[in-house]
Amino acid sequence: IENLGLTGRVTVEQGDLFDPISALIDPMPFDVIVANPPYIPTSQIESLDRSVRDYEPMAALDGGGDGLNLHRRILESAPQRLTAAGRLFMEIAFDQGALAKDVAMQYPAFEEVRILKDHAGQDRVVAMKKK
């Protein structure tokens, strides 16, 4: 960070979404939240390659009916954890761009919802700014 002329600190916590932050004495809001929640629809898990299906924890794969259950939970709670004009970035599957954008736009705390593509040109991240 210092090489870029930026100052600040990075804190890493582990737990269910924002629960570990709630335990902090001074849970300051964040400028940026980056998340890689599970995004595989439940019905597609059995068809995943064995190298993924048999070795990854189910909690890291199963995103519920349409794959975006955890995304919705994050969208519910993130506004209270972001600074004004804070940014939220969440990974999605290559074929979830339109749906992820529609879901994010249902949360009035966010604006500038857009889909970012990976190096192969596939939808990969839903990004937005807090109003």
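Tutor: Helix H5 (residues 97-104) has as its buried residues Gly 97, Ala 100, Val 103 and Ala 104, where buried means under 20% relative accessible area with a 1.4 Å probe, protein chains only. Viewed down the axis of H5, these buried residues fall within an arc of 130 degrees, so they line one face of the helix; the arc is that of the directions from the helix axis to the C-beta atoms. Their cover includes helix H4 (69-81), strand S3 (110-117) and S4. Helices (H or I, at least four residues) and strands (E, at least two) are DSSP runs, numbered from the N terminus.

This is a predicted model: local features need pLDDT of at least 70, side-chain atom pairs count only at pLDDT 80 or more, and totals for chains, interfaces and linings use all residues. Residues are numbered from 1 along each chain as its sequence is written, and side-chain values use heavy atoms, with hydrogens and water left out.

The open sheet has four strands in the order S1-S2-S4-S3, with mixed pairing; two strands pair if DSSP finds at least two bridges between them. Strand S1 (30-35) and S3 stand at the edges, each with a single partner strand, so one side of each has no neighbour in the sheet. S3 and S4 run antiparallel and are joined by six bridges. H5 packs on the sheet, touching S3 and S4 (contact: heavy atoms within 4.5 Å).

Within S4 (residues 123-130) lies Lys 129, which is buried, with a relative accessible area of 16%.

Note on methods. Buried < 20%, exposed > 50% of the residue type's maximum accessible area, 1.4 Å probe, protein only. Axes fitted to C-alpha atoms, helices over the stretch in contact; angles between N-to-C directions.
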